[in-house]
Amino acid sequence: MPLRVLLAAIRHETNSFSPLPTPFEAFFPEGKPVTGDAVLAAHEGARTAFGGLIAGARAAGAELVLPLFADALPSAPASPATLDRLIDLLLAGGDSAPDALLLDLHGAMTLDDGGDGEARILRALRARWPGVPIALALDFHANLADEVIGLATVVCGYRTYPHVDAYETGLRAARLLFAAINGEFAPVQALCRVPVLPQMQQLVTDDEPMRSANALAQALTDGRDVVDVTVFGGFPLADSAVTGPSVVVVGGAGRAAAAAAARRVADVLWAGRSRLVDSGAEPVATTLARAARLPPPVILADCGNNAGAGGTCDTMTVLAAMLAAGMRDIVAGVYWDPGAVAVLQHAAPGSTVSVDVGGRHRYADDTTGPLRLTGRVRRVTDGRFAAHGPVYAGMPIELGTTIVFDTGAATLVVAERRVEGFDAGMLTHAGVDPAAARYVLVFSRVGFRAGFARYGDSRLLVHGPGAAAAALDRLPYRHLPPLYPLHEAAGRA
């Protein structure tokens with residue numbers, strides 16, 4: 001008999017300071033649960049962690065049960081009641097105990113009572129199915145609780161930022177779990193946290209100290225004492241008791257050996273902590289002056305209000321500064337503004353339209369607000385495309401109605417839904433070619449480095465205002481443990 005494997009996703013990267021609520025409906029593209037064959041049709045073959053889990057289960061000849069794919073964009077904490085509704089859907093997928101559970105979770109889900117979302121999910125699963133082996137495929141930005149490591153059988157995470165190995169992570173997690181089920185090894189796990197509140201752009205895995213930590217992790221992997229290692233960067237905008245980087249080792253022998261390896265890798269991050277906390281922020285005008293000296297196309301990533309970290313993708317500060325500086329031949333977006341879309345989608349072809357764009361959500365560090373722009377609608381799309389990659393290649397993306405609005409100096413892409421600028425498809429699906437522009441302005445922090453790499457090396461971060469801005473020391477954290485550099489007591493035990 002084939003193994004009966006329950007495969008599900010409940011994903012949310014929580015920005016505790018985002019102005020956007022996270023209701024139950026936010027976890028589904030159309031506001032309604034997605035299950036069964038619809039999940040398989042949307043995600044099989046995608047270069048995502050979920051796609052990798054499916055591939056791993058297929059390779060093992062497993063029978064798949066697909067009760068739930070729930071994925072909310074980063075936003076404010078969900079309530080425990082919202083998560084419990086999702087958990088109920090997950091549990092409803094198995095009348096009898098499955099042989100294994102493969103879960104695609106984010107790892108940085110913080111609830112509005114300060115609780116850990118992933119721990120709550122695992123507690124419910126263990127209460128229902130105490131002895132069923134569980135593999136987790138987690139995002140690189142997971143904030144990990146000891147309870148999660150204790151309740152899961154195998155924990156694997158992305159090893160790259162930008163995230164170009166999500167599929168491989170899902171495949172890795174599935175293979176490790178099936179190897180354990182087949183008696184090839186008896187997994188033990190060790191977690192070592194690093195008491196640092198990092199800046200996300202300093203967690204790029206090609207840069208130090210992440211590069212050295214990952215190199216040591218791979219050198220220590222011997223297939224016996226150390227079977228798998230993940231170096232997690234953590235997500236600093238989640239206000240939780242476990243926020244920050246960590247190292248997870250899956251071992252095949254004693255727990256002491258796994259713990260020693262985790263500690264050695266964590267020590268590399270602690271030694272390089274000063275690099276992890278350097279925001280690198282400079283005034284917008286300074287960045288734009290540098291951009292003007294670079295060969296086109298220049299990709300500018302506004303990291304302050306990026307949807308991939310809980311932002312609203314509607315601050316106009318950087319675009320306003322570019323226009324004021326006389327910059328032209330700009331492609332900018334995707335701006336999230338359903339109100340502007342509602343006006344523009346009904347404009348007569350070729351007519352001139354004036355509309356307020358952006359500024360729907362105001363931030364203390366944003367003095368610009370909406371921009372009144374005049375131009376012509378060049379194209380209207382349904383906003384549906386598959387990510388080009390290399391980040392999440394093949395993943396279905398739905399922006400809702402999307403408008404290409406040409407104002408002369410700048411061509412804006414405006415949509416009903418928000419998306420991080422990690423993939424060029426958000427522009428090209430609408431017939432906008434980044435290669436033909438002088439400047440391309442997107443909302444992103446790191447993902448753009450991979451998604452727009454094909455357009456050359458002129459790529460800069462620009463620190464605009466918003467929910468994902470770099471000034472972490474100004475945020476009203478309530479649940480953090482002592483973390484460098486915020487707390488004098490932070491240090492390695």
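Q: Before anything else, what counts as helices and strands here?
A: Helices (H or I, at least four residues) and strands (E, at least two) are DSSP runs, numbered from the N terminus. This is a predicted model, in which local features need pLDDT of at least 70 and side-chain atom pairs count only at pLDDT 80 or more, while totals for chains, interfaces and linings use all residues. Residues are numbered from 1 along each chain as its sequence is written, and side-chain values use heavy atoms, with hydrogens and water left out.

Q: OK, how many helices and strands does the protein have?
A: The protein has 14 helices and 18 strands. Its radius of gyration, taken over C-alpha atoms, is 22 Å, close to the 23 Å from the globule rule for 493 residues, so the protein is as compact as a globular protein of that length; the rule itself is 2.2 Å times the number of residues to the power 0.38.

Q: And how much of the protein counts as buried?
A: Of the 493 residues, 60% count as buried, where buried means under 20% relative accessible area, exposed means over 50%, and partly exposed lies in between (1.4 Å probe, protein chains only). In the protein, 75% of the contacts with a separation of 6 or more are between residues 24 or more positions apart, a contact being heavy atoms within 4.5 Å.

Q: Switching to helix H2, what covers its buried residues?
A: Helix H2 (residues 49-59) is mostly covered, with 8 of its 11 residues buried, among them Phe50, Leu53 and Ile54. The cover includes strand E1 (4-11), helix H1 (36-43), strand E2 (63-71), strand E3 (100-105), strand E4 (134-138) and helix H6 (166-181).

Q: What follows H2?
A: Glycine 61 follows H2, and its phi is positive, near 70°.

Q: I'm also looking at threonine 287; is it buried or exposed?
A: Threonine 287, which is found in helix H10 (residues 284-292), is buried, because its relative accessible area is 0%. Leaving aside residues up to four places away in sequence, threonine 287 touches Glu282, Leu300, Leu460, Leu461 and Val462.

Q: Where do tyrosine 335 and phenylalanine 443 lie?
A: Tyrosine 335 is in strand E10 (residues 330-336) and phenylalanine 443 in strand E17 (residues 439-443), 108 residues apart, so the pair links distant parts of the chain. Tyrosine 335 is buried at a relative accessible area of 1%, and phenylalanine 443 is buried at 3%.

Q: What about phenylalanine 452 and tyrosine 455?
A: Phenylalanine 452 and tyrosine 455 form a tilted pair, 6.0 Å centre to centre with 40° between the planes, and both residues are buried. Elsewhere, ring pairs link Tyr158, Tyr392 and Phe422 into a cluster.

Q: Last one, where is alanine 364?
A: Alanine 364 sits in the loop between strand E11 (353-357) and strand E12 (371-381), and it is exposed, with a relative accessible area of 87%. Its C-alpha atom is separated by 9.8 Å from that of alanine 467, which is 103 residues apart from alanine 364 along the chain.

Technical notes: Phe/Tyr/Trp six-rings, centres within 6.5 Å; stacked < 30°, edge-to-face > 60°.
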